[in-house]
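User: Could you take a close look at the sheet in this model and walk me through how it is put together? I am new to reading structures, so please go step by step.

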Amino acid sequence: MKTLKTLTAALLIIFTSSAFANDNDDTKKSEKLLMDYTIKRYINAISHGEVKGISEIFDNDVKMTTTRNNKIESYGKSDILGSLKFTENAEQNCSTDYKFLEMNPTQAVVKISMNYDGFSKVNVVSLANTAKGWRITNISTSIY
């Protein structure tokens, strides 16, 4: 009887700890679905070079446009990821902040400002709420 009680207690401990582990995994998965997660991951990538696993926050058809010398240049997902990979672990010497320009349950537009000494870089980022969570669909960059 004592062995049965010990075995039952051990099984309860195992099931309880595995349930908590699953809760943590579920929490991490649901966190990745949030808009806040996507925005902060993008800011950490462009400001602090934290690019590991960054492709998950971009839609497959994401586009980035920038204006250089009065010419608009466009880039796709592979170009964006390559550029971010180039800046991996690079800490930008700037202050970064963001604000929501528009937000509803299916899409959002966020202005991210990176203020350096003497100039600023602004990214206007469009996000869409997809079945896989909030994904970046468009980035428009300007430097002034």
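**A close look at the sheet**

Analyst: Let's start with the surface: the accessible surface of the chain comes to about 9,700 Å², and 55% of that belongs to carbon and sulfur atoms. Keep in mind that this is a predicted model. Buried residues account for 27% of the 144 residues in the chain.

Next, the parts list. The chain holds 3 helices and 6 strands, and from the N terminus on these elements run α-α-β-β-α-β-β-β-β.

Now for the sheet. Strands of a sheet pair through backbone hydrogen bonds, either parallel or antiparallel. Here, 6 strands form an open sheet in the order E2-E1-E6-E5-E4-E3, with mixed pairing. Strand E2 (71-75) and strand E3 (95-103) are the edge strands, each pairing on one side only. From one strand to the next, the twist averages 20°.

Let's zoom in on one pair. Strand E1 (residues 58-68) and E2 pair in the antiparallel sense over 5 bridges. You can find one example at Thr67, whose bridge partner in E2 is Ile72.

Helix H2 (residues 35-48) touches E1, E3, strand E4 (107-115), strand E5 (120-130) and strand E6 (133-143), and the direction of H2 makes about 145° with that of E3. Helix H3 (residues 77-86) also packs on the sheet, touching E1, E2 and E6; the direction of H3 makes about 75° with that of E1.

Finally, a look at contacts along the chain: among those between residues at least 6 apart in sequence, 42% join residues at least 24 apart.

Technical notes
Residues numbered from 1 in each chain as written. Predicted model: local features only at pLDDT ≥ 70, side-chain atom pairs only at ≥ 80, totals over all residues. Heavy atoms only, no water. Pairing = 2+ DSSP bridges. Helix = DSSP H or I, 4+ residues; strand = E, 2+ residues; numbered from the N terminus. Axes fitted to C-alpha atoms, helices over the stretch in contact; angles between N-to-C directions. Contact = heavy atoms within 4.5 Å. Buried < 20%, exposed > 50% of the residue type's maximum accessible area, 1.4 Å probe, protein only. Areas by Shrake-Rupley, 256 points an atom, 1.4 Å probe, with all protein chains shown as cover.
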